[in-house]
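Walk through this structure one site at a time. Keep the sequence and the 3D view side by side.

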Amino acid sequence: MEVIVPQEIELKFALPGVDGEQALARLRRHPLLRRRAMTHLRLVNRYLDTPDGWLRQQRCALRLRQTQPLAADGRTPAGRPRWEQTLKTAGRGDAALSVRGEWTTPLPRARLDRAALEATPLARASDDALPWDQLDVQYETRCRRTTWTLHLQGGVRIEVALDVGELRAPGRRAPLLELELELLHGTPEALWSVAAALGQVLPLLPARASKAEQAQRLAAGSHHAPVRARPLDLPPAASPMVLARAALTDALGQLCDNLAAAAHSDDPELIHQARVGWRRWRSVVRLVRPWLPSPPPDATALQPLLQTLGTLRDWDVAATETVPAWAAAYVEDASTHPHRARALQRAVRRLHQAARAQRRLLRDQLADPTVVAPLLALAMWVAQLPDDTGAAHPPHWAFDRLQRWHKRLARALAHAPTDASEAIEALHAARLLAKRLRYASEAAAAVLPAKAAERTQRWQRRARGWQERLGRWRDTLRAADLLATVHAHPGLVGFVRGVAAAQHPLRANP
């Protein structure tokens with residue numbers, strides 16, 4: 001007998017740069033929603049787990065939820081609170097889209113009902129394996145949920161839910177603001193159509209983390225921590241499309257997750273990891289391009305955001321890495337050269353001021369629906385990629401393409417001019433090749449045969465070495481230019497240019 005697992009199919013979005021009241025006002029005026037009935041609920045979600053996160057390690061979330069209807073003002077209680085218990089299991093996720101198992105049971109009170117879990121995957125865990133006696137509330141969320149139900153052509157029903165509230169963990173609190181589109185009936189494609197329409201008035205930034213995951217990160221002190229690439233779980237010799245779906249989904253998720261955090265945190269690593277996510281996206285698209293059923297959406301509209309990220313990264317690196325790294329060598333002895341110490345302090349302060357101004361520009365862009373819309377288009381495109389196109393591909397398709405890129409990188413480095421003034425453009429192109437080889441090799445590692453994987457790992461290490469070496473040289477050249485831009489002392493500017501000349505990457509092989 002076929003067992004049908006209840007599923008939750010939804011899109012989730014962060015809303016950078018707006019507050020809850022602004023988001024609600026824009027949604028209420030939207031043509032899709034302004035004639036629809038609107039419902040307000042107060043939600044309290046209590047997430048149970050063991051202190052060491054046993055359920056989280058099983059990729060499950062167990063929640064007790066209190067739901068209380070609110071009056072039209074969104075504040076006054078308009079009914080009795082009700083409790084329910086929900087178990088959610090990890091499933092397939094594509095950028096903002098998640099498809100997960102979900103089992104919900106009404107409760108008479110806020111107490112775990114173990115019997116209701118017998119029909120869930122937790123029933124397969126023995127009592128010895130699942131430490132029931134250690135389960136307790138580890139964190140919670142509280143929010144006001146405003147919902148609309150859309151009845152669209154073809155019998156499609158979609159719930160639009162705006163959640164405004166906060167995450168709570170022992171000793172910590174953080175604001176919560178997100179928009180969810182849940183498919184009640186119909187095909188997932190309809191979700192994207194609604195998202196595109198609402199994205200005209202709100203900055204809908206695709207989000208992967210559930211409320212439970214956000215609250216868990218808050219409890220761990222990593223709520224806005226940089227998000228790095230995740231290991232890809234792929235079968236050996238996977239087809240180009242299988243690799244594309246997994247790698248592009250994670251690359252776009254890495255970009256969007258770090259952008260969402262950068263709307264609230266000044267951590268420079270967030271900008272770096274966002275840019276890494278975009279590099280991974282571009283590298284994987286190039287790797288699988290011959291087998292894509294359609295090209296990805298044109299990224300031209302994304303360029304203003306990408307340029308801001310690049311410029312901000314330059315200011316951050318100059319202010320926090322390059323100039324401080326050579327500060328002692330420049331000052332030598334502050335008692336002997338106090339003017340150098342003062343000039344250095346002024347310059348670093350101006351670099352930080354310029355970085356703050358660029359970060360404000362980034363946050364303004366993230367609050368602009370037209371700037372964020374291209375990311376929504378990319379998420380929709382990758383979510384709709386087929387599992388496989390059926391197109392023939394060579395058995396060693398990934399290795400063959402990586403080998404060609406490795407040869408191109410070797411030729412580019414071999415023929416690069418040694419004169420610094422002539423080498424900048426050629427070595428920048430070589431650096432881009434090194435990045436492409438590195439990130440594509442990392443994505444393809446799981447699908448390569450053992451010997452091919454060993455060779456590509458060597459290429460990957462070489463590419464990383466050249467990327468880092470060329471990057472240090474480029475960062476030093478850029479720092480000198482930025483110091484001149486903020487009118488730093490000419491002696492400091494000249495000193496950093498001299499460091500860059502000594503760092504010329506072709507003076508010796510890495």
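His 487 is exposed, as its relative accessible area is 65%. The cut-offs are these: buried means under 20% relative accessible area, exposed over 50%, and partly exposed in between, with a 1.4 Å probe and protein chains only. Areas come from the Shrake-Rupley method with that 1.4 Å probe, and for residues only the protein chains shown count as cover. His 487 sits in the loop between α13 and α14. Its phi is near 60 degrees, a positive value in a residue other than glycine.

A word on the source. This is a predicted model, in which local features need pLDDT of at least 70 and side-chain atom pairs count only at pLDDT 80 or more, while totals for chains, interfaces and linings use all residues. Residues are numbered from 1 along each chain as its sequence is written, and side-chain values use heavy atoms, with hydrogens and water left out. Helices (H or I, at least four residues) and strands (E, at least two) are DSSP runs, numbered from the N terminus.

Ala 237 also has a positive phi, near 60 degrees, and is a residue other than glycine. Look for Ala 237 in the loop between α4 (211-220) and α5 (240-262). Ala 237 counts as exposed because its relative accessibility is 61%.

Step into helix α5 and find Asp 257. Asp 257 has a relative accessible area of 13%, so this residue is buried. What is Asp 257 in contact with, leaving aside its neighbours within four places in sequence? The partners are Arg 208, Val 227 and Arg 230. Contact here means heavy atoms within 4.5 Å.

Charge pairs come next. Side chains of opposite charge can pair when their charged atoms come close. A salt bridge is a side-chain nitrogen of Lys or Arg within 4 Å of a carboxyl oxygen of Asp or Glu. How many salt bridges does a search of the whole structure find? The count is 28.

Take Asp 163 and Lys 211. Their closest N and O atoms are 2.8 Å apart in a salt bridge. Asp 163 belongs to strand β7 (residues 157-169) and Lys 211 to helix α4, so the pair ties together parts that are 48 residues apart in sequence. Asp 163 counts as buried because its relative accessibility is 0%. Lys 211 is buried too, with a relative accessible area of 6%. Both residues belong to a network of salt bridges that also links Glu 10, Lys 12, Arg 145, Glu 178 and Glu 180.

Now Glu 269 and Arg 228. This salt bridge has its closest N and O atoms 3.4 Å apart. The pair links distant parts of the chain, 41 residues apart: Glu 269 is in helix α6 (residues 268-288), and Arg 228 is in the loop between α4 and α5. Glu 269 is partly exposed, at 22% relative accessibility. Arg 228 is also partly exposed, with a relative accessible area of 45%.

Asp 475 and Arg 474 form a salt bridge as well, at 3.8 Å from N to O. Arg 474 is partly exposed, with a relative accessible area of 29%.

Turn to helix α9 (residues 338-366), the place of Leu 344. Buried or exposed, at a relative accessible area of 11%? Leu 344 is buried. Beyond its neighbours within four places in sequence, Leu 344 is in contact with Val 323, Ala 327, Val 331 and Leu 492. Ala 328 is 16 residues from Leu 344 in sequence and 10.0 Å away, C-alpha to C-alpha.

Leu 506 lies in the segment after α14 (490-502). At 22% relative accessibility, Leu 506 is partly exposed. Not counting residues up to four places away in sequence, Leu 506 touches Leu 413, Ala 416, Pro 417, Leu 427 and Trp 466. Leu 506 and Ala 423 are 83 residues apart in sequence, yet 9.1 Å apart in space, C-alpha to C-alpha.

Lys 407, Arg 408, Arg 411, Arg 455, Arg 458 and Arg 461 form a positive patch. Patches are made of residues with over 30% relative accessible area and no salt bridge; like charges are joined within 9 Å, and nonpolar side chains (Val, Leu, Ile, Met, Phe, Trp, Tyr) within 5 Å. Lys and Arg count as positive and Asp and Glu as negative, while His and the chain ends are not counted. Each charge is placed at NZ of Lys, CZ of Arg, CG of Asp or CD of Glu. Helices α11 (397-414) and α13 (450-485) each supply at least two residues of the positive patch. Arg 458 is in helix α13. Arg 458 counts as partly exposed because its relative accessibility is 44%.
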